[in-house]
Amino acid sequence: MLEKMDEFFNKRSDIYEEHQLNAIDGAREFYPFTASLLPVRNGAAVLDLGCGTGLELDCYFRLNPSARVTAIDLSEGMLAALKEKFPERAITVIQGSYFDVPFEKNHYDAAVSVESLHHFTKEAKTSLYKKIFQALAAGGSFILTDYFAQTEDDENFFREELQRLKAEQGINDHAFYHYDTPLTAGHEMQALKEAGFSHIGISAKWGATCTIKAVK
C-alpha cells in the first residue's frame, strides 16, 4: 500500500540511518563525497533539501563546523533527530515541502540533496531547480546525489506503475506518496540545464547512484 511521504518517513525515522548506510550500494562513500563538494569557507550558507537525519551533514560539519545550514524535510521525526544530533551547529530547520517553501534569493553558497528527489517528475523538478538556481549566489553550486533509472523504459515503467497503484488504491489527491520514480541521469541533467544551470556533470558514480554537480 502506498503511504503519504511524511507518514512513511515518520514511521521509519528510528531506522533511517541504518537503512541508508547498509541497504544502498556505495552509501558509506557517497555521503562523505557529497559533503566534500560543499564549500568550506567560514560561515558558508548551505541549503539542504530533504535533509532527513543529516547523514551528509555528519560529514560536512567535520569539514566546515562554522557552516550555516537551512535544512528542509517533510518529516517531523527526521527533523527531530537532526536537531538532536547537532545542538551546537547553526541549523535552521523547516518542516515542509521544498516545492512550497520559499528560498531567499541570491543567498546560498551551495544547495545539496541526497537520495530525496527520485520521487518526482521532470516537470516538477525543473520548477524546483529554477527556485534553487535563483536562491544560489553567483558561482554557487547544486550538489545532487541520487539514484537514477538506467534506461528511458525503466523511467517510464516506474511512472506508470505509480499511476497504476494510485488508481488501484483509489488515490486521487495531489499529496506526495512514497514510491520511487527516478529519471535517467540524462533527463535529470536536462532539467537542470532548463532551470539555468551551467557546467553540469557527473562527479562520481556508485552503481545506479550518481553525484551531479551543477554550477550557477
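Modeller: The answer starts with the pocket and then moves to the parts around it.

This is a predicted model, in which local features need pLDDT of at least 70, side-chain atom pairs count only at pLDDT 80 or more, and totals for chains, interfaces and linings use all residues. Residues are numbered from 1 along each chain as its sequence is written, and side-chain values use heavy atoms, with hydrogens and water left out.

A pocket here is an open set of points on a 1 Å grid over the protein atoms alone, where a 1.4 Å probe fits, with protein on both sides within 12 Å along at least five of seven lines; lining residues have an atom within 4 Å of a point. The volume is the space filled by probe spheres set on the points, which are joined across faces, edges and corners. The lining has 32 residues, and F9, Y16, E115, H119 and H178 are the closest to the centre. By class, the lining divides into 16 nonpolar, 11 polar and five charged residues (nonpolar: Ala, Val, Leu, Ile, Met, Phe, Trp, Tyr, Cys and Pro; charged: Asp, Glu, Lys and Arg; polar: the others, Gly among them). At least two lining residues each come from α1 (5-11), α2 and β2 (68-73); helices (H or I, at least four residues) and strands (E, at least two) are DSSP runs, numbered from the N terminus.

E115, one of the residues closest to the centre of that pocket, lies in the loop between β4 and α6 (122-135). With a relative accessible area of 10%, E115 is buried (buried is under 20% relative accessible area, exposed over 50%, partly exposed in between, with a 1.4 Å probe and protein chains only). The phi of E115 is near 50 degrees, a positive value in a residue other than glycine. Most residues other than glycine have a negative phi. H199 also has a phi near 50 degrees, but H199 is in strand β6 and is exposed, at a relative accessible area of 65%.

α2 (16-23), which supplies lining residues, is also among the elements that cover the buried residues of α3, together with α4 (55-63), β4 (108-114), β5 (136-147), β6 (198-206) and β7 (209-215). In α3 (residues 27-36), the buried residues are A27, F30, Y31, T34 and A35. These lie on the same side of α3, because they cover an arc of only 135 degrees around the axis, taken from the directions from the helix axis to the C-beta atoms. R28 and E29, on the other side of α3, are exposed.

The largest nonpolar core has 59 residues, of which Y60, Y98, F103, Y129, I132, F142 and F197 touch the most other members. Such a core is a set of buried Ala, Val, Leu, Ile, Met, Phe, Trp, Tyr and Cys residues joined through side-chain atoms within 4.5 Å. Beyond its neighbours within four places in sequence, I132 is in contact (heavy atoms within 4.5 Å) with L49, F103, A111, F142 and F197.

For reference, the second largest pocket holds about 240 Å³. R159, L162, K166, A175 and F176 lie nearest its centre, out of 14 lining residues, and helix α7 (residues 152-168) gives the most to that lining, with four residues.
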